[in-house]
Each structure stands twice: as C-alpha cells, then as structure tokens.
Amino acid sequence: LKFKPDDHEAWYNRGYALRQLGRNEEAISSYDQALKFKPDDHEAWNNRGNALGNLGRNEEAISSYDQALKFKPDDHQAWYNKACGYALQDKTKQALENLRQAINLNPDECCEMAKTDSDFDSIREDERFQALIK
C-alpha cells in the first residue's frame, strides 16, 4: 500500500488479516478503503459485515450484507451471515427468510453450518428452523 495506495485487493487482504487478528475496527477501515477503490466488491462488503458483526453492530452488518447482495445476489455466504445478524437481534422471521435463501443457494454447506452455529441458538428450537436445516 505504501507503493500503490489505491490497490483495492491489498486493502481487502489487509482487512481480512486484521479481522483474523480480532482487530475489527481496523479491519472495517481497511474494507472501507478497498470499497473506495472498488465499490462493487461483494466480498469486501460481506467481510466488512462480518467485522461489524464481531463488534455486535448487527444492524450495520446487515446493511453491509445487503450491499454485498446488491452486487452478487446469489452469494450464499451473505444471505447466511444476514440470517445470523437477524437471529442475534431476535428477529426470527427475517432470520428464517434469509437462512432459507442461503440454503436454497448452497444446501449442504449452509445446513451443516446452521446446525451448530451459536448465532442461531435463540431460534434453534423453532420448528421452522428445524424444518429448514433437515
């Protein structure tokens, strides 16, 4: 970045590394820089949402997932992450709608993840959730 400060991939990778280190605020700033240079980068929007979610900023995270989906409507990860954000806010209907969309796009991966993902603990016993992940 010192030599090419407008390299969106470098900013994205920096954000990813910072998020893995638990430095979510710095990660968000890096994703914001990546998005400044490539505003349609659905992965940067999705991972920005993950960093926001790690900070408990679920409404902002959902907005980032919405942006990811605007650029890649079939991104099962963004649908899944959005479902998690809603579940963490006890918004069962929205959580189930988004989880259904994720499962429709990638049934094996999303069902397996949802079975043990603690983000869904608040709705785990809901019969609609149970029917979705079978």
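Reader: Why is K38 called partly exposed?

Author: First, the basis: this is a predicted model, in which local features need pLDDT of at least 70 and side-chain atom pairs count only at pLDDT 80 or more, while totals for chains, interfaces and linings use all residues. Residues are numbered from 1 along each chain as its sequence is written, and side-chain values use heavy atoms, with hydrogens and water left out. Buried means under 20% relative accessible area, exposed over 50%, and partly exposed in between (1.4 Å probe, protein chains only). K38 has 29% relative accessibility, so K38 is partly exposed.

Reader: What makes the contact of K38 and D40 a salt bridge?

Author: The term requires a side-chain nitrogen of Lys or Arg within 4 Å of a carboxyl oxygen of Asp or Glu. The N to O distance between K38 and D40 is 3.1 Å, so the pair qualifies. D40 has a relative accessible area of 38%, and is therefore partly exposed.

Reader: How do you know that R124 is buried?

Author: R124 has 15% relative accessibility, which is under 20%, so R124 counts as buried. Its salt-bridge partner is D121, at 3.1 Å from N to O. D121, at 49%, is partly exposed.

Reader: Where do K115 and E112 lie?

Author: Both are in helix α7 (residues 107-116), 3 residues apart, about one turn of the helix. Helices are DSSP runs (H or I, at least four residues), numbered from the N terminus. K115 and E112 form a salt bridge, with their closest N and O atoms 3.1 Å apart.

Reader: How many salt bridges does a search of the whole structure find?

Author: The search finds 11.

Note on methods
Helices (H or I, at least four residues) and strands (E, at least two) are DSSP runs, numbered from the N terminus.
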